[in-house]
Amino acid sequence: MTGTTQLTIAASLSFIAAFMHLLIIWGGANWYRFFGAGEKMAVLAEEGSLQPAVITLFIAGVLTVFGLYALSGAGIILELPLLKLGLCLITAVYLLRGLAGFVLPFVSNHPAVKDNSTTFWIVSSIICCIFAGFYLLGIINSWAQLG
């Protein structure tokens, strides 16, 4: 598998995650609960607060930018600024989030951690590590071609 293919897959995964976040906004409180956003976010959504939607929309925007950087690294769209650095930072974000989720639920009592189930942390961490893997392999296999 080429770096271009790996970065295209990475982009697709980021775009799917962004779209899922948009669907959660549309789905409301029950979707916040199902996807593990925590009871606080679900209750705020039930109360009509804009806070859950704004936070989730921000996350969707960040994930979209991540996808655009992967497409840029794959050569599918124009070269974005600081492409190599951006792809490395995106990979680090996904990897750190992935690894943190294997540790945090067992060592932290912070409400942002405890408001989610251990299952949420493990499943989402596996997903983030898979995303990181595609970004990392894409970078490694495309490094010479990246701007």
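Predicted model: local features only at pLDDT ≥ 70, side-chain atom pairs only at ≥ 80, totals over all residues.

Let me begin with I130, which is partly exposed because its relative accessible area is 45%, where buried means under 20%, exposed means over 50% and partly exposed lies in between, worked out with a 1.4 Å probe on protein chains only. I130 has its place in helix α7, and its C-alpha atom is separated by 8.6 Å from that of L95, 35 residues apart along the chain. When I say helix, I mean a DSSP run of H or I with at least four residues, while a strand would be a run of E with at least two, and both are numbered from the N terminus.

Residues are numbered from 1 along each chain as its sequence is written, and side-chain values use heavy atoms, with hydrogens and water left out.

Staying in helix α7, we come to S125, which is buried, with a relative accessible area of 0%. S125 touches R97, G98, G101 and F102, leaving aside residues up to four places away in sequence, and a contact here means heavy atoms within 4.5 Å. G98, one of these partners, is found in helix α5 and counts as buried at 0% relative accessibility. Leaving aside residues up to four places away in sequence, G98 touches S125, C128 and C129; from G98 to C128 the C-alpha distance is 4.8 Å, although they are 30 residues apart in sequence.

Helix α7 also holds S142, which counts as buried at 4% relative accessibility and touches G3, T4 and L7, again not counting residues up to four places away in sequence.

Is L82 buried or exposed? L82 counts as exposed, at 64% relative accessibility, and it is found in the loop between α4 and α5. Its phi is near 50 degrees, a positive value in a residue other than glycine.

Now to a pair of helices. Helix α3, residues 39–46, and helix α4, residues 51–73, pack at an angle of about 120 degrees with their axes 8 Å apart. That makes α3 oblique to α4, since angles under 35 degrees count as roughly parallel, over 145 as roughly antiparallel, 65 to 115 as roughly perpendicular and the rest as oblique. The axes are lines fitted to C-alpha atoms, for helices over the stretch in contact, and the angles run from 0 to 180 degrees between N-to-C directions. In this contact, M41, L44 and A45 of α3 meet Q51, P52, I55 and T56 of α4.

Finally, the largest pocket holds about 1300 Å³ of space, a volume being the space filled by probe spheres set on grid points that are joined across faces, edges and corners. A pocket is an open set of points on a 1 Å grid over the protein atoms alone, where a 1.4 Å probe fits, with protein on both sides within 12 Å along at least five of seven lines, and lining residues have an atom within 4 Å of a point. This pocket is lined by 38 residues, of which H21, F35, I59, R97 and F120 lie nearest its centre. Helix α7, where we started, gives the largest share of the lining, 8 residues.
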